[in-house]
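Please keep the sequence and the structure in view while reading.

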Amino acid sequence: MGTVKNKKVLDAGCGEGYFSRILAKSEAAVTAVDYSEKMLEIAKERTPIDLGIEYRHGNCEDLNFLEDNSFDLIVSNMVMQDLGNYEKAFQEMYRLLVDGGYFIFSILHPCFVTPESGWEKTKDGVKLHWNVDKYFYEGVYEQKLGDKQKMLLFHRTLTSYVNNIIKAGFTLEGLIEPKPSEEMLSKYPSFEEDFRSADFIVFKLRKKI
Ligand SMILES: C[S@@+](CC[C@H](N)C(=O)[O-])C[C@H]1O[C@@H](n2cnc3c(N)ncnc32)[C@H](O)[C@@H]1O
């Protein structure tokens, strides 16, 4: 990501503001947007005033209250996969960046997290391998969270993500499929299973100069 000191940064889908605060502590001028009023309320409660973060209510698919070419960097952690119109959101991020600005976002890895993915287990619960099915399905689907709760997610193929990124005008500068660090493994040994398939993917995009 490079140094963010004195850079104008947008945290698109900031949630409770965790990443916004890290950026502001590194002396970035942070604007943070989220669609959930509740998350913004929590973010404000958790953010010391002197960090100067500007929290705004908005939809990443249409941020018309923000000016063209107004950010050096846009970050978005685990949001783009939740958007009905992700194509429009890519266009918005492109519009908001200065020429040569960066858009860095992470999503659930679309090749491994699909509508019918999950561990194949023995009767005793030993994880044999990670199953993937319905990879080419594009659209909304329901994911069970435990026995009672359900969550709506969207799935798109990697091809669709990349083609829409290119269509918006971005250049793809880098990809990361994160793996746990030694430090994380010693703290959370169950993360060992993240070496077996990739849960997340991070895109680094640049607006043309
Ligand atoms: C998984 S959370 C991630 C939050 C934060 N980026 C983080 O890393 O902690 C996804 C966030 O995206 C927000 N979100 C979902 N759809 C959105 C939209 N259309 N526009 C803006 N925010 C949205 C949700 O309210 C939620 O706070």
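## Strand pairing and the main sheet

Strand β5 (residues 97-108) runs antiparallel to strand β11 (residues 200-206), and the two are joined over seven bridges; here strands count as paired if DSSP finds at least two bridges between them. Within this pairing, L108 stands opposite F200 of β11. Helices (H or I, at least four residues) and strands (E, at least two) are DSSP runs, numbered from the N terminus. The model is a predicted one, in which local features need pLDDT of at least 70 and side-chain atom pairs count only at pLDDT 80 or more, while totals for chains, interfaces and linings use all residues. Residue numbers start from 1 along each chain as its sequence is written.

Both strands belong to an open sheet of seven strands with mixed pairing, in the order β3-β2-β1-β4-β5-β11-β10. Its edges are β3 (54-57) and β10 (171-176), each of which pairs on one side only. On average, neighbouring strands of this sheet are turned by 20° against each other, direction ignored.

## Helices against the sheet

Helix α2 (residues 37-46) lies across β2 and β3 and runs at about 170° to β3; such angles run from 0 to 180 degrees between N-to-C directions, with axes taken as lines fitted to C-alpha atoms, for helices over the stretch in contact.

In helix α3 (residues 86-96), the buried residues are Y86, A89, F90, E92, M93, Y94 and L96. A residue is called buried if 20 or more other C-beta atoms lie within 10 Å of its own, exposed if 12 or fewer do, and partly exposed in between, with C-beta atoms placed from the backbone. The cover over these residues of α3 includes β1 (8-12), β4 (71-77), β5 and α4 (158-168).

## The nonpolar core

The largest nonpolar core has 42 residues, of which V9, I74, M93 and F103 touch the most other members; a core of this kind is a set of buried Ala, Val, Leu, Ile, Met, Phe, Trp, Tyr and Cys residues joined through C-beta atoms within 7 Å. Leaving aside neighbours within four places in sequence, F103 is in contact with I74, M93, L97, F170 and L205, where contact requires C-beta atoms, placed from the backbone, to lie within 7 Å. As a general background, nonpolar side chains in soluble globular proteins tend to be buried together.

## The ligand shell

Around the ligand there are 18 residues, and the closest are G13, G15, Y35, S36 and N77; a residue is near a molecule if its C-beta atom, placed from the backbone, lies within 6 Å of it. Helix α1 (18-25) and strand β2 (29-34) each supply at least two residues of this shell.

By class, the shell holds ten nonpolar, five polar and three charged residues. In this count Ala, Val, Leu, Ile, Met, Phe, Trp, Tyr, Cys and Pro are nonpolar, Asp, Glu, Lys and Arg are charged, and the others, Gly among them, are polar.

## The β6-β7 hairpin

Strand β6 (residues 118-121) pairs with β7 in the antiparallel sense over four bridges, and G118 has N131 of β7 as its bridge partner. The two strands form a hairpin with five residues between them, and G125 in the turn has a positive phi of about 90°. Strand β7 (residues 127-131) lies largely in the open, because the number of buried residues among its five is zero.

## Individual residues

E27 sits in the loop between α1 and β2 and counts as partly exposed, because it has 14 C-beta neighbours inside 10 Å. K134 lies in the loop between β7 and β8 and counts as exposed, because it has 12 such neighbours inside 10 Å.

V140 is in strand β8 (residues 139-145) and is exposed, because 11 other C-beta atoms lie within 10 Å. L63, in the loop between β3 and β4, is partly exposed, because 19 other C-beta atoms lie within 10 Å. Apart from residues up to four places away in sequence, L63 touches V33, G58, E92 and L96.

Conventions
Two residues are in contact if their C-beta atoms, placed from the backbone, lie within 7 Å.
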